[in-house]
Each structure stands twice: as structure tokens, then as C-alpha cells.
Amino acid sequence: MNALSSRIESTPLLKVDGLTKWYGHILGCRDVSFDMRAGEVLGIVGESGSGKTTLLNCVSGKLPPSAGSIQFETSRFGMSDIYAMSEPDRRRMQREDWGFVHQNPRDGLRMRVSGGANVAEPMMSLGGRHYGKMRQATIDWLERVEFDTGRIDDRPANFSGGMQQRIQVARNLIHGPKLVFMDEPTGGLDVSVQARLLDLLRELVRDLRLAVMIVTHDMAVARLMADRLMVMKSGQVVETGLTDQVLDDPQHPYTQILVSSVLQI
Amino acid sequence: MSEIHPPLIIVEGLAKTFVLHNADSAQIPVFKGLSLEVGPGECIVLAGASGVGKSSLMRSIYGNYLPTAGSVRVLHDGAYVDITTADPHQVLEVRRRTLGYVSQFLRVIPRISTLQLVMEPLLENGVAVEEARERAERLLSDLKLPQAHWDLPPATFSGGEQQRVNIARSFIREYPVMLLDEPTASLDAENRAIVVQLIRQALARGAAMIGIFHDEDVRDAVATTLFPVADFRVAA
Ligand SMILES: Nc1ncnc2c1ncn2[C@@H]1O[C@H](COP(=O)(O)OP(=O)(O)OP(=O)(O)O)[C@@H](O)[C@H]1O
Ligand SMILES: Nc1ncnc2c1ncn2[C@@H]1O[C@H](COP(=O)(O)OP(=O)(O)OP(=O)(O)O)[C@@H](O)[C@H]1O
Ligand SMILES: [Mg+2]
Ligand SMILES: [Mg+2]
């Protein structure tokens, strides 16, 4: 990539159209449409129960929607409807092209194997065989997420929440994904730990030119991370735009409440 | 000068009214029918009492506020982009390469060192790390920020020190268009003079500027035109 080119590219990487999810009679999200480009960070904000996780899970291939389509620029097949792909193809695409950082590290880590093995596993599942190289890549990534490599052989259960989250981040970036989903990645952490992890995420996202779809209820996180925001209420997108414009001059009544209920951001 | 060169900013028929939906949909009309142009080497200084709408106008030009009517065209890569209707990617691109903004306060990013913060706009534009570091160090020295501060995040700095970091971060990029919202507010006379120098240098290389300066010395030293925002006030 040309060093002078924009961090955000002009071709769409992801196209979501008319996405709706019902849980029986309960609405998860309704008629959500948006595009994402390579290198773009899209923040999803809104109150508890507004459908953020539902949207993220549908888009990331974990939860089939009731209606609508999700197309992604896959490495293997080009632009494809992810739910029209065969299950094995979709799983492989998710492993190759995507990462998913959960709020609770326990949902994203294998607790019975070592921290190092958690980070190395994506390389092995994509066919990596050279032990020495994989170990080196693992150590490099642990250093990158500022994890004490002396504890590489410990199990995640023995790590603090912040350390577990660093392992989860490394595990989800080591294979060089194009798009990473994050659901409240700093949500369960102490404020000071949270700030450091956020800085780290921000740096990584910039350096790697990752596209990120990040769910957060924290407006400071949204401001720091996202280029663009979508505001959700009762399953629908009520406002979307440039992050600082949505936060500093919100147009929708709900966004005005959301922003004014935060003190200093 | 603007006869020979096309304006870098063209504001036409701009209006801004805030609607506070959660306060009985109270309307705060600020300005309407506002037009202005800024050419290379010009510095238009927004004048008027507190609350008249100077910052709101500037933020509307930057795409930070959404105007109620009118257009804001910025010359970017040889073509005009209307900031009020451009999609977010395009606005970010214009901000990255063409349109700089210095606010009164630095938005501190925790844990990132001062030097890194000042280098960042250059790195984002493909300047090599070594050159970026040299230029950042030179500018921070010019602004008399003690060298002991360079490796620290500015969170604990004094108001004036933070403001100088903020100024360095914007002036280092040599943007073709710059918006300055009271960049000298928390500076002493010596530092104000340094900032005046920076502004004059930028104008000399052909930058177009819109500024808000409460300090009359600064205003007199840099303004090419005074623009009274009150002329476009909406009768309440
Ligand atoms: N598996 C499910 N079965 C039934 N209803 C569900 C299920 N998952 C979510 N819902 C409902 O769908 C709506 C949206 O939930 P969702 O988890 O997407 O919200 P959210 O915005 O992520 O909230 P939070 O900020 O609390 O995580 C809620 O009313 C929720 O109760
Ligand atoms: N985000 C906002 N939401 C609602 N009202 C706003 C917002 N920003 C500004 N205003 C209102 O718009 C009017 C103009 O404010 P603005 O900050 O533009 O004035 P100013 O001329 O820059 O004043 P000062 O010299 O004090 O900085 C004021 O009545 C202000 O309360
Ligand atoms: Mg959720
Ligand atoms: Mg102001």
C-alpha cells in the first residue's frame, strides 16, 4: 500500500442490507443497512437492549438474521453473501479474514490450554506447521500486546482480566484479519486497565489498518476509537455520521439524551 | 490575491439553529444567510461578543457541527468538496490532508507521548519517522516547550503547555486551510508572539485561515479582514 494513501480505502469491504432479527416475538434489530470500508472503524452505540450485540452477531456470521443480507469481500471468493456460503466455507472465511474480541475473555479464549497456545492456535488451524516460527510469532504478538512473555505457559484462568483481554486481542490479530468485531472489549475491566488497553487497541488498529466494528455503551471509547458512529435505539439505527459530529451536535432526541448523560467526553 | 487564485473556502447561505429535543424542542437560532470566502494568504478573523456564534461557524466549516442550511466548500485536491453533504470518509480525508483545526483545548489521548502526538499528523501522511521526529522536535523547541516534557503524555501539563502541544500538532502539517479557535487563549505574551510568527509563516506560504482571537494584539498582527458574525444573527 502506498504510504500516502488514505487509511480508509474507497471500496466497500462489507455491505449490510435490510438486516432484521426477531427472537420469536422479541425484536433484536430491524432494517439495518450500512457499508464498511477497509481500514474504517465503525462504532455502534446505544442503551442496553437496543440491539447492538444482536447486530454484531448477525453481521459476524454467528446468528442467522430473519431478513436481509450481509456481503463481505472474502479473500477466497471475492464479494459474497456470507449466509449463502456453505458452512465449512463460512467457517474457514471467519478464521482467515475475521477476528472477534468478546467482552468476556472466557467466551473468546480456551481456558484449558496455555496463554501461548491460545495465541498460536489460529496459525495452526490455518495450516501453520513450523513450530519454531509459530512460537516466535506468538512471542512477537505477546510483546506487541504488552503481555509478560515469562507467563506464556500459564493458563488464562491464572491471569487478570486485563491480561486475559490482551491474550484475546493477540489471538484475534495474529493471523492478519481484514475485519475485527469487538463487543465491549474493555467493558469488564477496571478504569485504569481499560485506558491502557484502549490505547493499545487504537495503536494496533491504526498500524495494521484494520477495519473494526466495535460495540460500546461508553461514549469516550466511541470517540477514541471510531471514525463513524451508528446510534441504536429499540433495534433501529436512529442516527449515523462522523463520530465527532454525532457526539458534539447530535440531531436525534435519543442521541441528545445519550450524549448529555455523559459528563466530560 | 483571491482574484488570481480561487478561494480555498467558500461558505454560502449558511444557517445554524440548534434544536434541543429534550427541552421542549427549544430552538437556539445562531446565524443564517452567512456567506464568506477565504483565499490563499488571507486570514479572516471572526469578531463578535461571546455567544454570537463564532465557534459554531468554525465547527460547521470543519464538519463538527451540522449546519441547518447552506454549503461549505473546501478546495481539496483541486476540486471543491461540500463538507455539509460529503460522506464521513470524505470529510476525514479532507481533514487529514487539507483542513486543520486548532481548538482551545487539547483532547488528550492517554499514554501517548507529546512527541508522538506531534509526529502523528506527519506519519499519517506518509512522512518518514526520522523526518517527522526532527520536525516535531524543532517545532516544540520553537514553542519553548521544555525538552523534559517531550516524552511525557500532556495530561499533566499546564494549560499553556497543553495549548502549545495542540498548536504544534496542527501547525506541523502545514495544512492549506486552517481554522484557529482561540489558539492563544492560555498563552503568555512571549508565547503569543511565537504563535503569531507561526501564523504569519503559514499565511506567507499561501494557507487560508479563519481565526478567533480574543487578544487584540494577535488579531491586529494577523487579520487581513474582520468578519462580524453578528451581522448574520437571527432575530430571536
Ligand atoms: N437469545 C435471545 N433470545 C431472546 N431475546 C433476545 C436474545 N438475545 C437478545 N434478545 C433481546 O433482543 C434485544 C436486543 O438485545 P441485544 O443483546 O442485542 O442488546 P444490546 O444492545 O447488546 O444490549 P447490552 O448493551 O445490554 O449488551 C433485547 O430486548 C434482548 O432481550
Ligand atoms: N453543541 C451545541 N448544542 C447546543 N447549543 C450550542 C452548541 N454549541 C453552541 N451552542 C449555542 O450556540 C450559541 C453560539 O455559541 P458559540 O460557542 O458559537 O459562541 P461564540 O461566539 O464562539 O462564543 P465565545 O466567544 O464565548 O466562545 C450559544 O447560544 C451556544 O449556547
Ligand atoms: Mg450487548
Ligand atoms: Mg467560541
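This is a predicted model: local features need pLDDT of at least 70, side-chain atom pairs count only at pLDDT 80 or more; totals for chains, interfaces and linings use all residues.

1. Ala, Val, Leu, Ile, Met, Phe, Trp, Tyr, Cys and Pro count here as nonpolar, Asp, Glu, Lys and Arg count as charged, and the others, Gly among them, count as polar. With these classes, the shell around ligand 1 divides into three nonpolar, seven polar and two charged residues.

2. Which residues surround ligand 1? They are Y23(A), I26(A), L27(A), G28(A), E47(A), S48(A), G49(A), S50(A), G51(A), K52(A), T53(A) and T54(A).

3. Several side chains of this shell make polar contacts with ligand 1. K52(A) places a polar side-chain atom 2.7 Å from an oxygen atom of the ligand, and a side-chain N or O atom of T53(A) is 2.8 Å from an oxygen atom of ligand 1. Ligand 1 taken alone exposes 640 Å², of which the protein buries 58%. In chain A, β2 (26–37) and α1 (52–59) are the elements that contribute two or more residues to the shell around ligand 1.

4. The site of ligand 2 is shared between chains, because residues from chains A and B surround this ligand. There are 15 residues around ligand 2, and S50(B), G51(B), K54(B), S55(B) and S56(B) come nearest. By class, the shell around ligand 2 consists of six nonpolar, six polar and three charged residues.

5. Contacts to ligand 2 come from side chains and from backbone. A side-chain N or O atom of S50(B) is 2.6 Å from an oxygen atom of ligand 2, and a polar side-chain atom of S56(B) also lies 2.6 Å from an oxygen atom of ligand 2. From chain A, a backbone N or O atom of D248(A) lies 3.2 Å from a nitrogen atom of ligand 2. Taken alone, ligand 2 exposes 630 Å², and the protein buries 68% of that area. The elements of chain B that give two or more residues to this shell are β2 (26–38) and α1 (54–62); α1(B) supplies the largest share, three residues.

6. Chain A contains an open sheet of six strands with mixed pairing, in the order β6-β7-β8-β3-β9-β10. Its edge strands, β6 (98–101) and β10 (236–242), each pair on one side only. On average, neighbouring strands of the sheet are turned by 15° against each other, direction ignored. Within the sheet, β3 (residues 41–46) and β9 (residues 228–233) of chain A run parallel and are joined by five bridges; V45(A) has V231(A) in β9(A) as its bridge partner.

7. Helices from both chains pack on this sheet. Helix α2 (residues 87–97) of chain A touches β6 and β7 (179–183) of chain A, and its direction makes about 75° with that of β6(A). Helix α2 (residues 88–97) of chain B touches β9 and β10 of chain A, and its direction makes about 20° with that of β10(A).

8. How many bridges pair β1 (residues 12–23) of chain A with β2(A)? Eight bridges do so, in the antiparallel sense, and K15(A) stands opposite D35(A) in β2(A). The two strands form a hairpin with two residues between them, and G24(A) in the turn has a positive phi of about 60°. β1(A) also runs antiparallel to β4 (residues 67–74) of chain A, joined by five bridges, with D17(A) opposite S69(A) in β4(A).

Conventions. Residues are numbered from 1 along each chain as its sequence is written. Chains are lettered from A and ligands numbered from 1 in the order in which they are written. Side-chain values use heavy atoms; hydrogens and water are left out. A residue is near a molecule or strand if one of its heavy atoms lies within 4 Å of it. A polar contact is a pair of N or O atoms within 3.5 Å; within protein, one must be able to donate a hydrogen and the other to accept it, and residues adjacent in sequence count only if both atoms are side-chain atoms. Accessible areas come from the Shrake-Rupley method with a 1.4 Å probe; for residues, only the protein chains shown count as cover. Helices (H or I, at least four residues) and strands (E, at least two) are DSSP runs, numbered from the N terminus. Two strands pair if DSSP finds at least two bridges between them. Axes are lines fitted to C-alpha atoms, for helices over the stretch in contact, and angles run from 0 to 180 degrees between N-to-C directions. Contact means heavy atoms within 4.5 Å.
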